[in-house]
Amino acid sequence: MKKILLLSYAALLLAAPLPAQAPVETAAQHDSRMQWWRDGKFGMFIHYGLYSGLAGELEGKKYDGAAEWIQAHSGADFDTYKREAMPRFTPRSGMADEWVSLAKEAGCTYVVLTSRHHEGFNLFETPGYDFNAKTCNGIDVVDEYVAACEKYGLKTGLYFSIIDWNHPDYDPTGSGISYPKGNLEAAARGERQFGNHDRYKDYLLTTFRQLLDSHRVDLIWWDFSQPTFEGDAAWGASRLMKALFDKYPMAIQNNRLYASNNLQHDGVMQPTPLWKGDYTTPEHYIPPTGIDGDWEVCQTLNGTWGYSADNDRWKSLDELIRELVDVVSRGGNFLLNIGPMADGTVPAESVRLFRGIGAWMAANGEAVYGTRANPFDSEFAWGRVTRKGPDTLYLFLYAQPEGGIIELPATFAAEPAATRLTDGMPLRIEQDPTTGICRIDVSSLTIDSPAVVVKLSGTMNAAE
Ligand code: H79
């Protein structure tokens, strides 16, 4: 294999001091590494851990909100959490196959499973540290998951929490994030010690290496940092990144080893510099004008990531498909969550919603996969636009335009053609070179929710 002289892409772009182990590659190498992810557009997030068995309830008390946060919400100390949660966690062989096959059916191209969440319970075998699923009941959940991803041909993502509510060496004092009250009280009583955070960082690296040594991955989803607790100081970020690139040079990773702007919930979001990770990760938030560079919205079906027995605030299928289209039309990816139950079973409503998206994608996926953002300066009252290559646009009609006519501020070389995507029905199209406007007559279309897609073939002329 030809040995390539690697240039530091990040250094070229930033000319700023870099962490020693920032990924080094040229812009072309970067583009080729990112390609499957940029084209793939739609992924499934899977939140599964000890909290799944608790399902929003601990010691007889119910906690609303993000169910994977139940230890922090309840304040339970480690012993209580372990005692309550372990017996209720009953992973079943074969469940990962069900998750990934559902993802495939839904039209997802990649999947991301929580290999460990903030509770610090590892779903994979971690020799030397027994707070893991293998010790619990003999199933290495990540093993089965990776095998299922291979079986169904989906890219394999693993979420990896850098926060840890239960590791004895984790120092919560700088993290700026809720920490189980019970563990703080135990520390105050002298029953726990924080204080050796360097050892925790070593543990993170060892554990991450154990994960990589026995599981092939395409993507790592770190979670998460605060401005006061990030990067090398908080997590030994450079070492973790290097461990990933040493083992899987083509792997992709998000930006959450650093704080960046991940939890911003309004306004225009700025991109993350590449040395902090490959893409920006708005959570529960769809940036109204997109983000420069690569980005992915992660989203829940019902407001919680982890399974919660009482939560029935499900979004509708149409809402979810429109969220997907909004995101893709602005140039992003959409990572949509399921929270399986104690034994890995996917809640029936989640199955229904993902299958519904799959049915829609089977008919309209051409307008989603491999596309890029709306090329026009703004969005349209009637719906959204994606672009594929130099000569195809897809128009997602959410509603009839005024007078049944779409007006695009563009003209096309030669004769453009407009058709309804699902059946190729031709639509009348005309362009006016004097005004630079192209008109498509969609008055004959019934606009079924969530969207009807019109395909416009023709090379768009550059704006005057
Ligand atoms: O795994 C999911 C979340 O648990 C995780 N990221 C996604 C993918 C995440 N960890 N931290 N945060 C998100 C941000 C924390 C927000 C908080 Fe809160 C606001 C913590 C306490 C208040 C959200 C709302 C969690 C509990 C209540």
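A polar side-chain atom of H117 lies 2.7 Å from an oxygen atom of the ligand, in what is here called a polar contact (a pair of N or O atoms within 3.5 Å; within protein, one must be able to donate a hydrogen and the other to accept it, and residues adjacent in sequence count only if both atoms are side-chain atoms). The model is predicted, so local features need pLDDT of at least 70 and side-chain atom pairs count only at pLDDT 80 or more, while totals for chains, interfaces and linings use all residues. Residues are numbered from 1 along each chain as its sequence is written, and side-chain values use heavy atoms, with hydrogens and water left out.

H47 also reaches the ligand, with a side-chain N or O atom 2.6 Å from a ligand oxygen atom. In the side chain of E283, an N or O atom is 3.0 Å from a nitrogen atom of the ligand. In total, 15 residues surround the ligand, and H47, E68, H117, D223 and F224 are the closest; a residue is near a molecule if one of its heavy atoms lies within 4 Å of it. This shell divides into six nonpolar, five polar and four charged residues. In this grouping, Ala, Val, Leu, Ile, Met, Phe, Trp, Tyr, Cys and Pro count as nonpolar, Asp, Glu, Lys and Arg as charged, and the others, Gly among them, as polar.

Next come some details of the backbone. D223 and F224 are joined by a cis peptide bond, with omega about -25°. F224 belongs to the loop between β6 (219-223) and α11 (231-235); helices (H or I, at least four residues) and strands (E, at least two) are DSSP runs, numbered from the N terminus. Another cis peptide bond, with omega about 5°, joins S449 and P450, and P450 sits in the loop between β16 (437-441) and β17 (452-457). K41 has a positive phi near 65° although it is not a glycine. K41 is placed in the loop between α2 (27-40) and β1 (42-46), and its 2% relative accessibility makes it buried. Buried means under 20% relative accessible area, exposed over 50% and partly exposed in between (1.4 Å probe, protein chains only). For A414, phi is near 55°, again a positive value in a residue other than glycine, but A414 is exposed at 66% relative accessible area.

A search of the whole structure finds 28 aromatic pairs, where rings of Phe, Tyr and Trp (its six-membered ring) pair if their centres lie within 6.5 Å; planes under 30 degrees apart count as stacked, over 60 as edge-to-face and the rest as tilted. The rings of F45 and W221 have centres 4.9 Å apart and planes at 50°, so this pair is tilted. F45 in strand β1 and W221 in strand β6 are 176 residues apart, so the pair links distant parts of the chain. Both residues, F45 and W221, are buried. F45 also pairs with W305: the ring centres are 5.6 Å apart and the planes stand at 70°, so this pair is edge-to-face. W305 lies in the loop between β8 (296-299) and α13 (317-329), so its pairing with F45 ties together parts that are 260 residues apart in sequence. Elsewhere, Y129, Y170, Y179, F194, Y200, Y203, F229 and W235 form one aromatic cluster.
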